[in-house]
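Morning, everyone. Let me put the model up, and then we'll walk through it.

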Amino acid sequence: MRHRSELWLADYIDTFRDDSGRLHPLVEMKRTHSWRVLANAERIVGALGWDEELSDGALAASLLHDTGRFPQFATYGTYYDGSSVDHGRLGADVLAVSFPWRGGDAGLREAILGAVRLHNRRELPTEGDERTLRLARLVRDSDKMDVLNLVRRYAEEGRINDLLPKITPDGGHSPELLREFSTDGRGSYRNVRTLQDFLLLQLSWVLDLNYGPSFCLLKGSGWLQWVEARLGRGAETEKLWRSVEDRMASEE
Ligand SMILES: [Fe+2]
């Protein structure tokens, strides 16, 4: 399944190339993201010791999770779901009809489709098909790990607006976002204005990681040290930092 997914996704992405064979740079970014998420998933799944069939399905779901991004960008020219389409749902719809499933375990197919459909939800459901939820959690961990590192890379290169056109590279935290964090401990995209805001939101993603090996990957990447140096620590964000540190320590 993993091998078939790689072949199919490469072919599918090719259909979005222009006459000279080029992909829009933002589409190329999603292409490379897909394979890096697969690489993260491989490391996490390898450490989880899942059986072969579930591992294979997990790798396929991880690679295919952003299938919807390609038609989304082609149709709407944006990756903002709010002003276009739910790319998780769109991806699952495309895969349901276009992926060469060739029979196989129908339950596993549904779990892969479910994981793709759910991967971008603000929160995952707590109940439902067990395999779907396991794959969805795995996809989200693998995805988050790549986005953390991707934002870091673009920020370090001073070109964060290539990745996130709507945010301001400089400036402190928006009061609305800090208020959100202090009231319900969570922040949302709609209150993200600056890079600092985005990094703070990403810091809170650490609390949502699902699997022990994902915390190991995070630790190995040095991302937390980088973000601490970049954001600094202040009274308004101290509570979040403590929660993140407690969570990291409990996963050791
Ligand atoms: Fe996505």
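One term before we start: a contact means heavy atoms within 4.5 Å. Two notes on what you are looking at. This is a predicted model, where local features need pLDDT of at least 70, side-chain atom pairs count only at pLDDT 80 or more, and totals for chains, interfaces and linings use all residues. Residues are numbered from 1 along each chain as its sequence is written, and side-chain values use heavy atoms, with hydrogens and water left out.

Overall fold, then. The protein has 13 helices and 0 strands. Helices here are DSSP runs (H or I, at least four residues), strands likewise (E, at least two), numbered from the N terminus. The radius of gyration is 18 Å, which agrees with the value near 18 Å for a compact globule of 252 residues. That radius is taken over C-alpha atoms, and the globule rule is 2.2 Å times the number of residues to the power 0.38. Along the principal axes, the C-alpha atoms fill a box of roughly 55 × 45 × 30 Å. Of the 252 residues, 48% count as buried. Buried means under 20% relative accessible area, exposed over 50%, partly exposed in between (1.4 Å probe, protein chains only). Now contacts with a separation of 6 or more: residues 24 or more positions apart account for 65% of them.

Next, the metal. Which residues coordinate the iron ion? They are D66 (OD), H87 (NE2) and H119 (NE2), at 2.0 to 2.3 Å. Donors are N, O and S atoms within 2.8 Å of the metal (3.2 Å for Na, K and Ca); water is not among the atoms, so sites may look incomplete. In sequence, the spacing reads D-x20-H-x31-H. The two histidines link distant parts of the chain: H87 sits in helix 5 (residues 87-98), while H119 sits in the loop between helix 6 (106-118) and helix 7 (130-156), 32 residues apart. H87 counts as buried because its relative accessibility is 4%. H119 is buried too, at 5%.

Over to helix 1 (2-14). Helix 1 has 13 residues and spans 18 Å from first C-alpha to last, close to the 18 Å expected at 1.5 Å a residue. The expected span is 1.5 Å times one less than the number of residues. Its buried residues are S5, W8, L9, Y12 and I13. Seen down the axis of helix 1, they fall within an arc of 130 degrees, so they line one face. That arc is of the directions from the helix axis to the C-beta atoms. An α-helix has 3.6 residues a turn, so residues three or four places apart point the same way. The face turned away from the buried side of helix 1 carries H3 and D11, both exposed. What covers the buried residues of helix 1? The cover includes helix 2, helix 3 (52-64), helix 4 and helix 5.

Helix 4 (residues 69-76) has R69, F70, P71, Q72 and F73 buried. Their cover includes helix 1, helix 2 (25-48) and helix 5. Just after helix 4, G77 takes a positive phi of about 70 degrees.

Last stop, F99. Is F99 buried or exposed? Buried, at 4% relative accessibility. F99 lies in the loop between helix 5 and helix 6. Leaving out residues up to four places away in sequence, F99 touches M1, R4, S5, W8, L64 and V94. From F99 to D66 is 33 residues in sequence and 14 Å in space, C-alpha to C-alpha.

That's the tour. Questions welcome.
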